[in-house]
Protein chains: 2
Amino acid sequence: MPWDLTSDRPIYAQIIEQMELKICSGVYPLGSKLPSVRDLAREASVNPNTMQRALSKLEESGLLYSVRTSGRYVTEDVNMIKETKKRIAREHIEEFLKRMSDLGFDQQDILSMLNDMSKELKK
Amino acid sequence: MPWDLTSDRPIYAQIIEQMELKICSGVYPLGSKLPSVRDLAREASVNPNTMQRALSKLEESGLLYSVRTSGRYVTEDVNMIKETKKRIAREHIEEFLKRMSDLGFDQQDILSMLNDMSKELKK
DNA sequence: ATTAATGTATTAACCACTTAATACAATAAT
DNA sequence: ATTATTGTATTAAGTGGTTAATACATTAAT
(Lines give C-alpha, C1' and ligand atoms only; values in the text may rest on other atoms or scores of the structure.)
Protein backbone atom coordinates (compact mmCIF):
# COMPACT_ATOMS: atom_id res chain seq x y z
CA MET A 1 0.00 0.00 0.00
CA PRO A 2 1.61 3.29 -1.12
CA TRP A 3 1.39 6.41 0.99
CA ASP A 4 -1.79 8.18 0.03
CA LEU A 5 -1.56 11.79 1.16
CA THR A 6 -3.81 14.64 0.16
CA SER A 7 -3.49 18.34 0.78
CA ASP A 8 -6.87 18.90 2.36
CA ARG A 9 -5.83 17.77 5.81
CA PRO A 10 -2.64 18.02 7.88
CA ILE A 11 -0.16 15.50 6.50
CA TYR A 12 1.05 14.44 9.91
CA ALA A 13 -2.51 13.48 10.88
CA GLN A 14 -2.88 11.40 7.73
CA ILE A 15 0.40 9.67 8.44
CA ILE A 16 -0.78 8.80 11.93
CA GLU A 17 -3.90 7.17 10.53
CA GLN A 18 -2.02 5.24 7.87
CA MET A 19 0.61 4.05 10.30
CA GLU A 20 -2.14 2.83 12.62
CA LEU A 21 -3.57 1.02 9.64
CA LYS A 22 -0.25 -0.56 8.72
CA ILE A 23 0.20 -1.70 12.30
CA CYS A 24 -3.33 -3.04 12.75
CA SER A 25 -3.29 -4.88 9.45
CA GLY A 26 0.11 -6.43 9.98
CA VAL A 27 2.17 -4.55 7.43
CA TYR A 28 4.38 -3.72 10.41
CA PRO A 29 4.10 -6.80 12.65
CA LEU A 30 4.12 -6.90 16.44
CA GLY A 31 7.47 -5.82 17.85
CA SER A 32 9.01 -5.31 14.44
CA LYS A 33 11.45 -2.56 13.65
CA LEU A 34 10.32 0.37 11.54
CA PRO A 35 12.41 2.04 8.85
CA SER A 36 14.22 5.13 10.14
CA VAL A 37 12.51 8.50 10.30
CA ARG A 38 14.53 9.67 7.33
CA ASP A 39 13.71 6.58 5.26
CA LEU A 40 10.02 6.77 6.08
CA ALA A 41 10.03 10.44 5.22
CA ARG A 42 11.68 9.73 1.88
CA GLU A 43 9.25 6.89 1.22
CA ALA A 44 6.27 9.15 1.87
CA SER A 45 7.82 12.14 0.07
CA VAL A 46 7.53 14.19 3.20
CA ASN A 47 9.84 16.28 5.31
CA PRO A 48 11.59 14.34 8.10
CA ASN A 49 10.20 16.80 10.63
CA THR A 50 6.67 15.97 9.55
CA MET A 51 7.29 12.24 9.80
CA GLN A 52 8.95 12.71 13.17
CA ARG A 53 5.95 14.62 14.37
CA ALA A 54 3.57 11.84 13.40
CA LEU A 55 5.74 9.14 14.94
CA SER A 56 6.06 11.05 18.20
CA LYS A 57 2.29 11.19 18.48
CA LEU A 58 2.09 7.47 17.85
CA GLU A 59 4.50 6.97 20.72
CA GLU A 60 2.36 9.07 23.01
CA SER A 61 -0.53 6.75 22.27
CA GLY A 62 1.66 3.74 22.98
CA LEU A 63 1.54 2.07 19.58
CA LEU A 64 5.26 2.64 18.99
CA TYR A 65 8.31 3.07 21.16
CA SER A 66 11.78 4.24 20.28
CA VAL A 67 15.18 3.08 21.43
CA ARG A 68 17.57 6.00 21.43
CA THR A 69 20.01 5.12 18.69
CA SER A 70 18.71 1.78 17.54
CA GLY A 71 15.42 2.66 15.95
CA ARG A 72 11.68 2.60 16.40
CA TYR A 73 9.57 -0.46 17.11
CA VAL A 74 5.96 -1.54 17.07
CA THR A 75 4.54 -2.28 20.51
CA GLU A 76 4.51 -5.92 21.68
CA ASP A 77 1.15 -5.42 23.33
CA VAL A 78 -1.23 -7.55 21.23
CA ASN A 79 -4.21 -6.31 23.14
CA MET A 80 -3.49 -2.66 22.47
CA ILE A 81 -3.40 -3.36 18.75
CA LYS A 82 -6.66 -5.28 18.87
CA GLU A 83 -8.30 -2.46 20.77
CA THR A 84 -6.98 0.10 18.33
CA LYS A 85 -8.40 -1.87 15.43
CA LYS A 86 -11.77 -2.07 17.13
CA ARG A 87 -11.72 1.64 17.92
CA ILE A 88 -10.92 2.61 14.34
CA ALA A 89 -13.61 0.33 12.93
CA ARG A 90 -16.17 1.73 15.34
CA GLU A 91 -15.26 5.30 14.44
CA HIS A 92 -15.59 4.61 10.72
CA ILE A 93 -18.94 2.91 11.10
CA GLU A 94 -20.35 5.64 13.32
CA GLU A 95 -19.22 8.36 10.97
CA PHE A 96 -20.56 6.51 7.95
CA LEU A 97 -23.97 5.88 9.49
CA LYS A 98 -24.27 9.47 10.65
CA ARG A 99 -23.42 10.89 7.26
CA MET A 100 -25.76 8.61 5.40
CA SER A 101 -28.59 9.30 7.79
CA ASP A 102 -27.97 13.06 7.55
CA LEU A 103 -28.31 12.64 3.79
CA GLY A 104 -31.73 11.18 4.37
CA PHE A 105 -31.17 7.46 3.92
CA ASP A 106 -32.57 4.86 6.32
CA GLN A 107 -30.99 1.58 7.30
CA GLN A 108 -32.78 -0.24 4.48
CA ASP A 109 -31.40 2.17 1.87
CA ILE A 110 -27.90 2.01 3.29
CA LEU A 111 -27.71 -1.77 3.26
CA SER A 112 -28.95 -2.12 -0.29
CA MET A 113 -26.67 0.60 -1.64
CA LEU A 114 -23.78 -0.97 0.20
CA ASN A 115 -24.52 -4.36 -1.30
CA ASP A 116 -24.76 -2.92 -4.78
CA MET A 117 -21.48 -1.10 -4.48
CA SER A 118 -19.47 -3.92 -2.99
CA LYS A 119 -20.61 -6.09 -5.88
CA GLU A 120 -19.47 -3.35 -8.24
CA LEU A 121 -16.10 -3.01 -6.59
CA LYS A 122 -15.42 -6.75 -6.61
CA LYS A 123 -15.30 -6.80 -10.41
CA MET B 1 -28.96 20.31 12.77
CA PRO B 2 -26.42 22.68 14.34
CA TRP B 3 -23.21 23.64 12.54
CA ASP B 4 -20.62 21.04 13.41
CA LEU B 5 -17.17 22.44 12.68
CA THR B 6 -13.84 21.04 13.77
CA SER B 7 -10.40 22.54 13.54
CA ASP B 8 -8.69 19.66 11.75
CA ARG B 9 -9.88 20.67 8.31
CA PRO B 10 -10.45 23.99 6.53
CA ILE B 11 -13.68 25.45 7.87
CA TYR B 12 -14.82 26.66 4.47
CA ALA B 13 -14.59 23.10 3.14
CA GLN B 14 -16.67 21.78 6.02
CA ILE B 15 -19.25 24.48 5.41
CA ILE B 16 -19.48 23.48 1.76
CA GLU B 17 -20.18 19.88 2.73
CA GLN B 18 -22.77 20.81 5.32
CA MET B 19 -24.52 23.23 3.00
CA GLU B 20 -24.69 20.52 0.35
CA LEU B 21 -26.19 18.30 3.01
CA LYS B 22 -28.77 20.90 4.04
CA ILE B 23 -29.71 21.38 0.41
CA CYS B 24 -29.90 17.69 -0.46
CA SER B 25 -31.89 16.82 2.63
CA GLY B 26 -34.37 19.67 2.20
CA VAL B 27 -33.39 21.90 5.11
CA TYR B 28 -33.06 24.56 2.40
CA PRO B 29 -35.70 23.62 -0.16
CA LEU B 30 -35.54 24.01 -3.91
CA GLY B 31 -35.43 27.67 -4.93
CA SER B 32 -35.66 28.92 -1.37
CA LYS B 33 -33.83 31.97 -0.11
CA LEU B 34 -30.88 31.52 2.21
CA PRO B 35 -30.12 33.70 5.20
CA SER B 36 -27.64 36.47 4.40
CA VAL B 37 -23.91 35.83 4.45
CA ARG B 38 -23.63 37.77 7.69
CA ASP B 39 -26.46 35.85 9.34
CA LEU B 40 -25.11 32.49 8.24
CA ALA B 41 -21.68 33.48 9.49
CA ARG B 42 -23.11 34.46 12.87
CA GLU B 43 -25.13 31.24 13.00
CA ALA B 44 -22.02 29.15 12.35
CA SER B 45 -19.78 31.31 14.58
CA VAL B 46 -17.50 31.99 11.67
CA ASN B 47 -16.07 35.05 9.98
CA PRO B 48 -18.26 36.42 7.16
CA ASN B 49 -15.31 36.11 4.78
CA THR B 50 -15.10 32.41 5.47
CA MET B 51 -18.82 31.92 4.90
CA GLN B 52 -18.63 34.00 1.73
CA ARG B 53 -15.81 31.85 0.47
CA ALA B 54 -17.80 28.66 0.97
CA LEU B 55 -20.92 30.11 -0.65
CA SER B 56 -18.96 31.32 -3.67
CA LYS B 57 -17.66 27.82 -4.24
CA LEU B 58 -21.19 26.46 -4.01
CA GLU B 59 -22.17 28.92 -6.70
CA GLU B 60 -19.36 27.75 -8.94
CA SER B 61 -20.75 24.23 -8.68
CA GLY B 62 -24.23 25.52 -9.51
CA LEU B 63 -26.02 24.55 -6.32
CA LEU B 64 -26.64 28.18 -5.37
CA TYR B 65 -27.00 31.45 -7.21
CA SER B 66 -27.01 35.01 -5.95
CA VAL B 67 -29.04 38.02 -6.92
CA ARG B 68 -26.99 41.15 -6.40
CA THR B 69 -28.71 42.90 -3.55
CA SER B 70 -31.60 40.59 -2.87
CA GLY B 71 -29.93 37.52 -1.53
CA ARG B 72 -28.82 33.99 -2.28
CA TYR B 73 -31.02 31.17 -3.46
CA VAL B 74 -30.97 27.41 -3.85
CA THR B 75 -31.00 26.20 -7.45
CA GLU B 76 -34.36 25.26 -8.97
CA ASP B 77 -32.75 22.37 -10.84
CA VAL B 78 -34.21 19.27 -9.16
CA ASN B 79 -32.00 16.99 -11.16
CA MET B 80 -28.80 18.68 -10.07
CA ILE B 81 -29.76 18.16 -6.45
CA LYS B 82 -30.60 14.51 -7.03
CA GLU B 83 -27.29 13.95 -8.75
CA THR B 84 -25.43 15.71 -5.96
CA LYS B 85 -27.11 13.49 -3.41
CA LYS B 86 -26.16 10.39 -5.36
CA ARG B 87 -22.59 11.58 -5.75
CA ILE B 88 -22.17 12.26 -2.05
CA ALA B 89 -23.65 8.90 -1.09
CA ARG B 90 -21.39 7.10 -3.53
CA GLU B 91 -18.33 8.90 -2.19
CA HIS B 92 -19.16 8.00 1.39
CA ILE B 93 -19.77 4.36 0.59
CA GLU B 94 -16.58 4.03 -1.43
CA GLU B 95 -14.50 5.63 1.26
CA PHE B 96 -16.10 3.53 3.96
CA LEU B 97 -15.58 0.24 2.11
CA LYS B 98 -11.98 1.10 1.31
CA ARG B 99 -11.14 1.98 4.88
CA MET B 100 -12.77 -1.11 6.31
CA SER B 101 -11.09 -3.37 3.79
CA ASP B 102 -7.71 -1.72 4.47
CA LEU B 103 -8.30 -2.54 8.13
CA GLY B 104 -8.64 -6.18 7.14
CA PHE B 105 -12.39 -6.73 7.25
CA ASP B 106 -14.27 -8.56 4.50
CA GLN B 107 -17.80 -7.89 3.32
CA GLN B 108 -19.21 -10.38 5.79
CA ASP B 109 -17.52 -8.67 8.73
CA ILE B 110 -18.59 -5.24 7.58
CA LEU B 111 -22.24 -6.14 7.23
CA SER B 112 -22.48 -7.80 10.62
CA MET B 113 -20.66 -4.97 12.41
CA LEU B 114 -22.87 -2.47 10.64
CA ASN B 115 -25.99 -4.30 11.72
CA ASP B 116 -24.81 -4.46 15.31
CA MET B 117 -24.03 -0.80 15.43
CA SER B 118 -27.19 0.48 13.81
CA LYS B 119 -29.15 -1.50 16.39
CA GLU B 120 -27.04 0.11 19.10
CA LEU B 121 -27.59 3.59 17.75
CA LYS B 122 -31.35 3.18 17.43
CA LYS B 123 -31.70 2.92 21.23
C1' DA C 1 39.29 4.35 17.23
C1' DT C 2 36.58 5.89 13.50
C1' DT C 3 32.49 6.04 10.91
C1' DA C 4 27.78 5.74 10.03
C1' DA C 5 23.15 5.68 11.45
C1' DT C 6 19.82 6.44 15.02
C1' DG C 7 16.23 9.70 17.29
C1' DT C 8 15.82 14.43 18.46
C1' DA C 9 15.98 19.62 18.53
C1' DT C 10 16.27 24.31 16.62
C1' DT C 11 15.70 28.17 13.59
C1' DA C 12 13.93 30.45 9.64
C1' DA C 13 11.05 30.88 5.79
C1' DC C 14 6.79 30.03 3.24
C1' DC C 15 1.95 29.26 2.53
C1' DA C 16 -3.07 28.55 3.24
C1' DC C 17 -6.74 29.46 6.30
C1' DT C 18 -8.99 32.51 9.41
C1' DT C 19 -10.25 36.65 11.60
C1' DA C 20 -10.92 41.61 11.90
C1' DA C 21 -12.08 45.97 10.32
C1' DT C 22 -13.68 48.43 6.72
C1' DA C 23 -15.54 49.94 2.40
C1' DC C 24 -18.49 50.09 -1.81
C1' DA C 25 -22.34 49.71 -5.18
C1' DA C 26 -26.97 48.27 -5.79
C1' DT C 27 -31.52 47.88 -4.30
C1' DA C 28 -35.31 46.73 -1.14
C1' DA C 29 -37.73 48.85 2.67
C1' DT C 30 -39.33 52.86 4.99
C1' DA D 1 -35.52 60.76 -0.39
C1' DT D 2 -33.45 58.28 3.16
C1' DT D 3 -32.07 54.14 5.41
C1' DA D 4 -30.98 49.47 5.88
C1' DT D 5 -29.57 45.31 3.80
C1' DT D 6 -27.67 42.74 0.14
C1' DG D 7 -23.34 40.55 -2.05
C1' DT D 8 -18.66 41.66 -2.70
C1' DA D 9 -13.80 43.40 -2.20
C1' DT D 10 -9.57 44.87 0.22
C1' DT D 11 -5.92 45.09 3.54
C1' DA D 12 -3.59 43.64 7.64
C1' DA D 13 -2.59 40.54 11.24
C1' DG D 14 -2.33 36.05 13.43
C1' DT D 15 -2.02 30.96 13.38
C1' DG D 16 -0.71 26.26 12.23
C1' DG D 17 1.34 23.06 9.07
C1' DT D 18 5.22 22.19 6.06
C1' DT D 19 9.74 22.44 4.29
C1' DA D 20 14.68 23.27 4.57
C1' DA D 21 19.03 23.29 6.57
C1' DT D 22 21.53 22.17 10.35
C1' DA D 23 23.16 20.39 14.61
C1' DC D 24 23.79 17.20 18.58
C1' DA D 25 24.33 13.02 21.54
C1' DT D 26 24.29 8.16 21.42
C1' DT D 27 25.52 3.78 19.85
C1' DA D 28 25.89 0.10 16.41
C1' DA D 29 28.99 -1.14 12.72
C1' DT D 30 33.53 -1.19 10.77
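This is a predicted model: local features need pLDDT of at least 70, side-chain atom pairs count only at pLDDT 80 or more; totals for chains, interfaces and linings use all residues.
Which residues lie nearest the centre of the largest pocket?

1. The residues nearest the centre of the largest pocket are A:Arg9, A:Glu95, A:Arg99, B:Glu95 and B:Arg99. In total, 41 residues line this pocket. Two or more lining residues come from each of helix 1 (11-24) and helix 4 (78-103) of chain A, and likewise from helix 1 (11-24) and helix 4 (78-103) of chain B.

2. The volume of the largest pocket is about 1800 Å³. Its lining comprises 24 charged, nine nonpolar and eight polar residues.

3. The second largest pocket has a volume of about 270 Å³ and a lining of 15 residues. B:Ser36, B:Val37, B:Arg68, B:Gly71 and B:Arg72 lie nearest its centre. At least two lining residues are supplied by each of helix 2 (37-44), helix 3 (48-60), strand 1 (64-67) and strand 2 (71-74) of chain B.

4. Two packed helices are described by the angle between their axes and the distance between the axes. For helix 1 and helix 3 of chain B, the angle is about 50° and the axes are 9 Å apart. These two helices are therefore oblique to each other, and their crossing is right-handed.

5. In this contact, helix 1 of chain B contributes B:Ile11, B:Tyr12, B:Ile15, B:Ile16, B:Met19 and B:Glu20. Helix 3 of chain B contributes B:Thr50, B:Met51, B:Arg53, B:Ala54, B:Leu55, B:Lys57 and B:Leu58. Nine residues of the contact are nonpolar, three are charged and one is polar.

Note on methods
Residues are numbered from 1 along each chain as its sequence is written. Chains are lettered from A and ligands numbered from 1 in the order in which they are written. Side-chain values use heavy atoms; hydrogens and water are left out. On a 1 Å grid over the protein atoms alone, a cavity is a set of points where a 1.4 Å probe fits but cannot get out, and a pocket is an open set with protein on both sides within 12 Å along at least five of seven lines; lining residues have an atom within 4 Å of a point. Grid points are joined across faces, edges and corners, and a volume is the space filled by probe spheres set on the points. Helices (H or I, at least four residues) and strands (E, at least two) are DSSP runs, numbered from the N terminus. Ala, Val, Leu, Ile, Met, Phe, Trp, Tyr, Cys and Pro count as nonpolar, Asp, Glu, Lys and Arg as charged, and the others, Gly among them, as polar. Axes are lines fitted to C-alpha atoms, for helices over the stretch in contact, and angles run from 0 to 180 degrees between N-to-C directions. Angles under 35 degrees count as roughly parallel, over 145 as roughly antiparallel, 65 to 115 as roughly perpendicular and the rest as oblique. A crossing is left-handed if the near helix is turned anticlockwise from the far one by less than a right angle, and right-handed if clockwise. Contact means heavy atoms within 4.5 Å.
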